[in-house]
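Here's a quick tour of a protein chain for you. Have a look at it first, and then we'll go through it topic by topic.

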Amino acid sequence: LKDGKPPRQGTLHRRPALAATLRRVAAEGRDGFYRGPVAEDIVAYLNGLGGLHTLDDFASVKGEYAAPIMCLYRGFDVVMPPPPSLGIITLMTLNVLSRFELSDMGPLSADRLHLEVEAGRLAYAERASLGPDGAPSSFAIERMLSPAHGAARASLITPDGVIGNLAGPARGGPAETTYLTVVDRDRNTASFMSTLFDFFGSRLTAPKSGVLLNDRASYFTSDEADPNAWAPSKRPLAYSLPGLMMKDGRVVMSYGIVGGSFQPMGMAHLLTNVVDHGLDVQAAIALPRVFSQDGVLDVERGVPDKVALDLAARGHKVVRRSEGPRRTNGPLGGAQAIWIDWEEGMLTGGADPRKDGSALGY
């Protein structure tokens, strides 16, 4: 605020402390942030608010290269980050859907949406069994994504009714996530996602360094019996899942979707739009969506009334989402994607009309 009021449009906003921090990081690399004055400022600020952080906590932080997880879907390799990312939910959903001929159903048919919702509900429920620290063993991941397991889970789905007693994601909640993807002239591909969790993260800014602190740890729970309980040197489960789809060892689509707990389901929806229904990336992104959370099936505007009524007749508790300003009542998610046509040498980009963002090429 400026003099207690929001700045007017066009006002120049300066962050000299943050600018100095960025110059320090440019000169010193990771130690410019995780050691020295910047870390000291953040730790002192958090401790003054009752936090338990130490300088050793910051000094010991390191990035890591993680082997991706993937599944085969209709001849494509779908690639996701490993846990604690919940991209495994997308892969488990696709593993179940691969047992059905979605291409025989209309993209907005009740049959297709019902199967998609039920497969997603099964996947969200199963993620509770991910084990300590929310990270299943490689053996558990291999089992969850095996054809036999997908077939067994698919057998639980009936075409005219919902599966009872499935724990799903909580309804609503903030999700301040940004996704972008870039493909260069040599077809090097970047699929990138960054997230704060809430508006302006924690809304706390370290006074000397100007660093805005995120609140991603909000995904932890204080229930010590929960695999996602908070503990030292532990990362929370996270809906941060940039994706790639590959064919014959080459990336054919780079894509991602923001929107909190909707993201894994949205990724599966987008992929099946492209693979099963033959939509280009822009049409696949724009197609209306549905999402089951906390016992309610949210249905976007654009899903025909007769389809919504059909879904309700099958046992779904259908609620129409408006396009109003309320954060838990607007459109579901926001996607971006690039399709790589290796034969024609063309790139096709798509950007979601539900949010900001655009597809650009030069």
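Let's start inside: Thr90 has 0% relative accessibility, so it counts as buried (that means under 20% relative accessible area, while exposed means over 50% and partly exposed is in between, using a 1.4 Å probe and protein chains only). Keep in mind that this is a predicted model, where local features need pLDDT of at least 70, side-chain atom pairs count only at pLDDT 80 or more, and totals for chains, interfaces and linings use all residues. Residues are numbered from 1 along each chain as its sequence is written, and side-chain values use heavy atoms, with hydrogens and water left out.

**Around Thr90**

- Thr90 sits in helix H5, which covers residues 87–97 (helices are DSSP runs of H or I with at least four residues, strands are runs of E with at least two, and both are numbered from the N terminus).
- Leaving out neighbours within four places in sequence, Thr90 is in contact with Met80, Leu241, Pro264, Met267 and Ala268 (contact means heavy atoms within 4.5 Å).

**The whole chain**

- You'll find 11 helices and 13 strands in the protein chain.
- Its radius of gyration is 22 Å, close to the 21 Å from the globule rule for 362 residues, so the chain is as compact as a globular protein of that length (the radius is taken over C-alpha atoms, and the rule is 2.2 Å times the number of residues to the power 0.38).
- Along its principal axes, the C-alpha trace spans about 60 × 50 × 45 Å.
- How many of the 362 residues count as buried? The share is 44%.
- Take the contacts in the chain with a separation of 6 or more: 59% of them are between residues 24 or more positions apart.

**Helix H11, side by side**

- Val307, Ala308 and Leu311 are the buried residues of helix H11, which runs over residues 305–313.
- Why do they end up on the same side of H11? They cover an arc of only 100° around the axis, which puts them there (the arc is that of the directions from the helix axis to the C-beta atoms).
- Asp305, Lys306, Leu309 and Ala313 are exposed on the other side of H11.
- What do the buried residues of H11 pack against? Their partners are helix H6 (110–126), strand E10 (296–299) and strand E11 (318–320).
- Just after H11 comes Gly315, with a positive phi of about 110°.

- Glu126 lies in helix H6, and its 10% relative accessibility makes it count as buried.
- Not counting residues up to four places away in sequence, Glu126 touches Met92, Arg143, Met144, His149 and Arg153.
- Gly161 is in the loop between helix H8 (147–154) and strand E3 (176–183), and counts as buried at 14% relative accessibility.
- His269 belongs to helix H9, residues 263–275, and is buried with a relative accessible area of 2%.
- With residues up to four places away in sequence set aside, His269 touches Arg112, Leu113, Glu116, Leu287, Pro288 and Arg289.

- From C-alpha to C-alpha, His269 and Asp248 are 23 Å apart in space and 21 residues apart in sequence.
- Gly161 and Gly350 are 189 residues apart along the chain, and their C-alpha atoms are separated by 34 Å.
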